[in-house]
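Hi,

As promised, here is the structure for you to look at. My notes on it follow below.

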Amino acid sequence: MSQRTDAGAEPRPSLQDLRRRVDAGRAPRPFFTRISQAVARHAGRPAAFLGAAAVVLLWAASGPVFGFGDTWQLVINTSTGIVTFLMVFLIQNSQNRDTAALQIKLDELIARLDGPREVLLDLEDLDEETLERLRLQYALLADAARAAGDAGTRPVPAAAAPQAGEAQAGGSGATAKAAGGAPAR
């Protein structure tokens, strides 16, 4: 299901085709991660707002039918309370992952002045343990730089930055040695 841009151009893939191709190449993600990302993505769309507004309008319009009674008010109060309670946790999970991934990406740019590693481009999809392992490896590098009196005047060699295989396999020993064995924060 591709779209043509003009007579001689290659077909332009549809949004669904692009999503399928991206999802096919990604590492498997935990169920809760997939759910929280999908809910956060869909809850921020205009259609979600319009749907919520329609429910409130329908509830308000039904007031005269139910005599504006206590049960009528309890329905909307309970419904919105439950939805809000669940959404807080789902959106917070997604936000925590995005924030951690953004911080690691910034650390990568600082650690590698000759160019970032492309494997770090979709960190927000990794599980929390892998993100934390990467963050701790960068913390070791920062501690070693501080201990060496590095005031940011010289670039950090690319070999000192944690490698993708180390973060995935949990082998932080090489990174700890490269960082001078500084304790994690």
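Ile82 sits in helix H4; helices here are DSSP runs of H or I with at least four residues, strands are runs of E with at least two, and both are numbered from the N terminus. With a relative accessible area of 48%, Ile82 counts as partly exposed (buried means under 20% relative accessible area, exposed over 50%, partly exposed in between, with a 1.4 Å probe and protein chains only). Together with Phe85, Leu86, Val88 and Phe89, Ile82 forms a nonpolar patch on the surface, and the accessible area of the group is about 530 Å². Patches take residues with over 30% relative accessible area and no salt bridge; like charges are joined within 9 Å, and nonpolar side chains (Val, Leu, Ile, Met, Phe, Trp, Tyr) within 5 Å. The areas come from the Shrake-Rupley method with a 1.4 Å probe, and for residues only the protein chains shown count as cover.

Before I go on, some housekeeping. This is a predicted model, where local features need pLDDT of at least 70 and side-chain atom pairs count only at pLDDT 80 or more, while totals for chains, interfaces and linings use all residues. Residues are numbered from 1 along each chain as its sequence is written, and side-chain values use heavy atoms, with hydrogens and water left out.

Back to H4. Which residues of H4 are buried? They are Trp72, Ile76, Leu90, Asn93, Ser94, Arg97, Ala101, Ile104, Asp107, Glu108 and Ala111. These buried residues pack against helix H2 (31–43), helix H3 (46–61) and helix H5 (128–147); contact means heavy atoms within 4.5 Å.

Phe68 is not a glycine, yet has a positive phi of about 50°. The relative accessible area of Phe68 is 48%, so this residue is partly exposed. Leaving out residues up to four places away in sequence, Phe68 touches Gly63 and Gln73.

Now the salt bridges (a side-chain nitrogen of Lys or Arg within 4 Å of a carboxyl oxygen of Asp or Glu). The structure holds five, and these are among them:

- Asp17 and Arg20 meet with N and O 2.6 Å apart. Both are in helix H1 (residues 15–25), three residues apart, about one turn of the helix. Asp17 is buried at 15% relative accessibility, whereas Arg20 is exposed at 53%.
- Arg135 and Glu132 pair up with their closest N and O atoms 2.9 Å apart. Both belong to helix H5 and are three residues apart, about one turn. Arg135 is partly exposed at 32%, and Glu132 is partly exposed at 34%.
- Asp143 and Arg146 form a bridge at 3.2 Å, N to O. They are three residues apart in helix H5, so about one helical turn separates them. Asp143 is buried, with a relative accessible area of 15%, while Arg146 is exposed at 53%.

As for the overall picture, the protein has seven helices and two strands, in the order β-β-α-α-α-α-α-α-α along the sequence. Of its 185 residues, 23% are buried. Among contacts with a separation of 6 or more, 64% are between residues 24 or more positions apart. The accessible surface comes to about 12400 Å², and carbon and sulfur atoms account for 64% of that.

Where is confidence lowest, and where highest? Helix H7 (residues 173–178) is lowest, with a mean of 39, and H3 is highest at 95. The pLDDT is below 50 over residues 167–185, a stretch that has 34 contacts in the model beyond near neighbours in sequence.

Cheers

Definitions and conventions: pLDDT = per-residue confidence, 0-100.
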